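Grab a pencil and work through the exercises below.

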Amino acid sequence: MAPWALFNPGVLVRTGHTVLTWGITLVLFLHDTALRQWEEQGELLLPLTFLLLVLGSLLLYLAVSLMDPGYVNIQPQPQEEVKEEQTAMGPPAIPLRRCRYCMVLPLRARHCRECRRCVRRYDHHCPWMENCVGERNHPLFVAYLALQLVVLLWGLYLAWSGLRFFQPWGLWLRSSGLLFATFLLLSLFSLAASLLLASHLYLVASNTTTWEFISSHRIAYLRQRPGNPFDRGLTRNLAHFFCGWPSGSWETLWAGEDEEESSSQAA
């Protein structure tokens, strides 16, 4: 590996996240917080649980940021095969979408300029992950947000438990300045994680993506329908997102929607 590869954005972002995570954890242990008090009293269960949650959130972060989000296969195909794929991808009513780099785009896929690849069920490109969130890693991304929020809120409580305000200003700044800065940082991260988790749970419950929610007026396969053609109800949406059930391609679901509408009109 070339030395300059160590300074690419992905390595820098993941290294920064790891250092920040353990740095904040170290601050909470070194100051007179509830975490340190539990440790001094020999009550090790809660400190160990907190450390395991921090480690779990970090491992989930690395898994989501390093895994394939669902890249579309860009192997060159003969022209006849491409035409067959275009025909098989969905009924004629669906406008076929092409990417200048990746040939035919499956339904709900989008080309990411940062990753320079097309991603299936594209949600967004996360700069904090330096990776796309797509069909394969979106469930883990939601799990990461939930676990990270638990860690952040617990850390927020621990930081607050160590703050002592009834001290001279100079003494307080030396003893609690770093802990107070950590508290403010955790507050900001907690707010961001709460908003992200709430928005993604809403999107998952309605079987839509961030890109589709924001740009529905510009997406051909959504402009043709009022509402969301992929929404199958809360239970089935959650089951499909987290468990992959019921299985099937988005093109099949779209075709099923067409058949339902045709049947209702005929009736």
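**Exercise 1. Find where Arg-14 sits, and work out which residues it touches.**

Step 1: Arg-14 is in helix α1, which covers residues 9-30. Helices here are DSSP runs of H or I with at least four residues, strands are E runs of at least two, and both are numbered from the N terminus.

Step 2: Before going on, know what you're looking at: this is a predicted model, where local features need pLDDT of at least 70, side-chain atom pairs count only at pLDDT 80 or more, and totals for chains, interfaces and linings use all residues. Residues are numbered from 1 along each chain as its sequence is written, and side-chain values use heavy atoms, with hydrogens and water left out.

Step 3: Look for contacts (heavy atoms within 4.5 Å). Skipping residues up to four places away in sequence, Arg-14 touches Tyr-61, Leu-62, Ser-65, Leu-66, Met-129 and Glu-130.

Step 4: Now check for a charge partner. A salt bridge needs a side-chain nitrogen of Lys or Arg within 4 Å of a carboxyl oxygen of Asp or Glu. Arg-14 is buried but has none, and the nearest side chain of opposite charge, Glu-130, is 6.8 Å away. For charge, Lys and Arg count as positive, Asp and Glu as negative, and His and the chain ends are not counted. Buried means under 20% relative accessible area, exposed means over 50%, and partly exposed is in between (1.4 Å probe, protein chains only).

**Exercise 2. Is Gly-134 buried or exposed, and which residues is it in contact with?**

Step 1: Find Gly-134 in the loop between β6 (131-133) and α5.

Step 2: Gly-134 counts as buried because its relative accessibility is 0%.

Step 3: Leave aside neighbours within four places in sequence, and Gly-134 is in contact with Pro-69, Val-119, Arg-120, Arg-121 and Asp-123.

Step 4: Check Tyr-122 too: its C-alpha atom is 4.5 Å from that of Gly-134, though the two are 12 residues apart along the chain.

**Exercise 3. How many salt bridges does the whole structure have? Take three of them apart.**

Step 1: The search finds four.

Step 2: Start with Arg-164 and Asp-32, whose closest N and O atoms are 3.7 Å apart. Arg-164 lies in the loop between α5 and α6 (169-205) and Asp-32 in the loop between α1 and α2 (34-40), so this pair ties together parts 132 residues apart in sequence. Both are partly exposed: Arg-164 has a relative accessible area of 32%, and Asp-32 has 38%.

Step 3: Next come Asp-68 and Arg-136, with a salt bridge at 3.4 Å, N to O. Asp-68 is in the loop between α3 and α4 (79-88) and Arg-136 in the loop between β6 and α5, so the pair links parts 68 residues apart in sequence. Asp-68 is partly exposed, with a relative accessible area of 29%.

Step 4: Finish with Glu-40 and Arg-36, which also meet at 3.4 Å, N to O. They are four residues apart in helix α2, so about one helical turn separates them. Glu-40 counts as exposed at 58% relative accessibility, while Arg-36 is partly exposed with 31%.

**Exercise 4. Check the span of helix α5.**

Step 1: Helix α5 has 24 residues (138-161). The expected span is 1.5 Å times one less than the number of residues.

Step 2: As for cover, 17 of the 24 residues of α5 are buried.

**Exercise 5. Which residues form the nonpolar patch on the surface?**

Step 1: Patches take residues with over 30% relative accessible area and no salt bridge; like charges are joined within 9 Å, and nonpolar side chains (Val, Leu, Ile, Met, Phe, Trp, Tyr) within 5 Å.

Step 2: The members are Trp-22, Leu-52, Leu-55 and Leu-59, with about 390 Å² of accessible area together. Accessible areas come from the Shrake-Rupley method with a 1.4 Å probe, and for residues only the protein chains shown count as cover.

Step 3: Helix α3 (residues 45-66) gives the most to the patch, with three residues. Leu-52 lies in that helix, α3, and counts as exposed at 60% relative accessibility.
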